[in-house]
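Thanks for coming. I will take one structure today and walk through a few parts of it. Please have a look at the screen.

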Amino acid sequence: MLPTAKIGPYTLPNPLIVAPMAGVTDRPFRQLCRRMGAGLAVSEMVIADSKLWHTRKSRTRLNHEGEPEPRSVQIAGGDPQMLADAARQNAGFGAQIIDINMGCPAKKVCNKPAGSALMKDEALVREILEAVVKAVDVPVTLKMRTGWDSGNRNAPVIARMAQNAGIQALAIHGRTRADKYNGDAEYDTIAEVKSQVQIPVFANGDITSPEKAMQVLSHTGADGLLIGRGAQGRPWIFREILHYLETGKHLSEPTLDEVEQILTGHLAELHSFYGEKMGVRIARKHVGWYLQSHDQSRQFRKRFNAIEDALEQKDSIEQYFAGLRNGEVFAA
């Protein structure tokens, strides 16, 4: 039986959330994952300094046109007042949930300090949480890691602080800031957090299969899951996990025809959203993910990455699948 996931006044259609990923969870990807079964998709992080919002990157990150509700926008920064202002402005733009980033381990984010580096300064964390919650009428959520290194797993302390500050839900990645994305995620700390707070807790990290999803939910007692890298090139992972959690049975893999349809549709959305020049460039990494377990020699991807024209990208994908089509299933 699926747990019911709530964030403030919103009851999600299901407890599977697309984790925010910089350079990945743009509007076309979020909408695709929602169509493939995700209950919510969180935007790429928007830098808190609104003076930088005039850039092309920020403008596309602030675009939520046509997205299903509730719309969740993640903000990143280290200054309480700036984050509060960013939350207020994003709520004005139509964000219905504001998510605070204390999970990103990237050096350029942590050097500010922002992202998961904030977990080192619990007094600043409290100030940020209180300022952002006070600034908006919409629910505020927090994404963090288990701590900043293996000797300092302070997620339970910050979780209790967040609950007291009025944060409506927590998402916890099962690694510390020092781990980055290395090694295996651990879920004991997430289970500890869940046992200590009353607000919803979502588990994140290494959820790449239906079995792993069930195992993590069972181990942590979490109210739901955030799925990030497991959805790259496999947006259908959401419907697979949902089916498995509901029935205990595996959904059959998508056929080559369906994968081609999903991929060409995704390409068209990227070209339309970003314009041809940027869309062609951004499409390359997505195509790489879709085909990474199929194009073992990488020969096709090397050729694809040299294409500069949107129509040519579409044609080359169609030719690639025409060459594969012999009734087999897509080995993802």
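What volume does the largest cavity have? About 110 Å³. Before going on, note that this is a predicted model. The count comes to 1 cavity of 30 Å³ or more. As for how one looks for such a thing, rolling a probe the size of a water molecule over the atoms shows where empty space is left.

The lining of the largest cavity is made up of 16 residues. Those nearest its centre are I7, V42, D99, T141 and A171. Strands β7, β8 and β9 are the elements that contribute two or more residues to this lining.

Let us stay with β7, which covers residues 97-102. Is this strand largely enclosed or largely open? Of its 6 residues, 6 are buried, so the rest of the structure largely encloses it. Buried here means that a residue has under 20% relative accessible area.

Which strands pair with β7? One is β6, residues 72-76, which runs parallel to β7 and is joined to it by 4 bridges. In that pairing, S72 is opposite I97. To get from β6 to β7, the chain passes through helix α3, residues 80-92, and this β-α-β crossover is right-handed. Another partner is β8, residues 140-145, also parallel to β7, with 5 bridges between them. There, I98 has V140 as its bridge partner.

Next, a helix. In α7, residues 188-196, the buried residues include T189, I190, A191 and V193. What do the buried residues of α7 pack against? They pack against helices α6 and α8 and strands β9 and β10.

Last, the chain as a whole. It has 332 residues, and 58% of them count as buried. Its secondary structure comes to 13 helices and 11 strands. Among contacts with a separation of 6 or more, 67% are between residues 24 or more positions apart. The accessible surface is about 14200 Å², with 48% of it belonging to carbon and sulfur atoms.

That is what I have for today.

Methods
Residues are numbered from 1 along each chain as its sequence is written. This is a predicted model: local features need pLDDT of at least 70, side-chain atom pairs count only at pLDDT 80 or more; totals for chains, interfaces and linings use all residues. Side-chain values use heavy atoms; hydrogens and water are left out. Buried means under 20% relative accessible area, exposed over 50%, partly exposed in between (1.4 Å probe, protein chains only). Two strands pair if DSSP finds at least two bridges between them. A crossover is right-handed if, with the strands pointing away from the viewer, the path from the first strand over the helix to the second runs clockwise. Contact means heavy atoms within 4.5 Å. Accessible areas come from the Shrake-Rupley method with a 1.4 Å probe; for residues, only the protein chains shown count as cover. On a 1 Å grid over the protein atoms alone, a cavity is a set of points where a 1.4 Å probe fits but cannot get out, and a pocket is an open set with protein on both sides within 12 Å along at least five of seven lines; lining residues have an atom within 4 Å of a point. Grid points are joined across faces, edges and corners, and a volume is the space filled by probe spheres set on the points.
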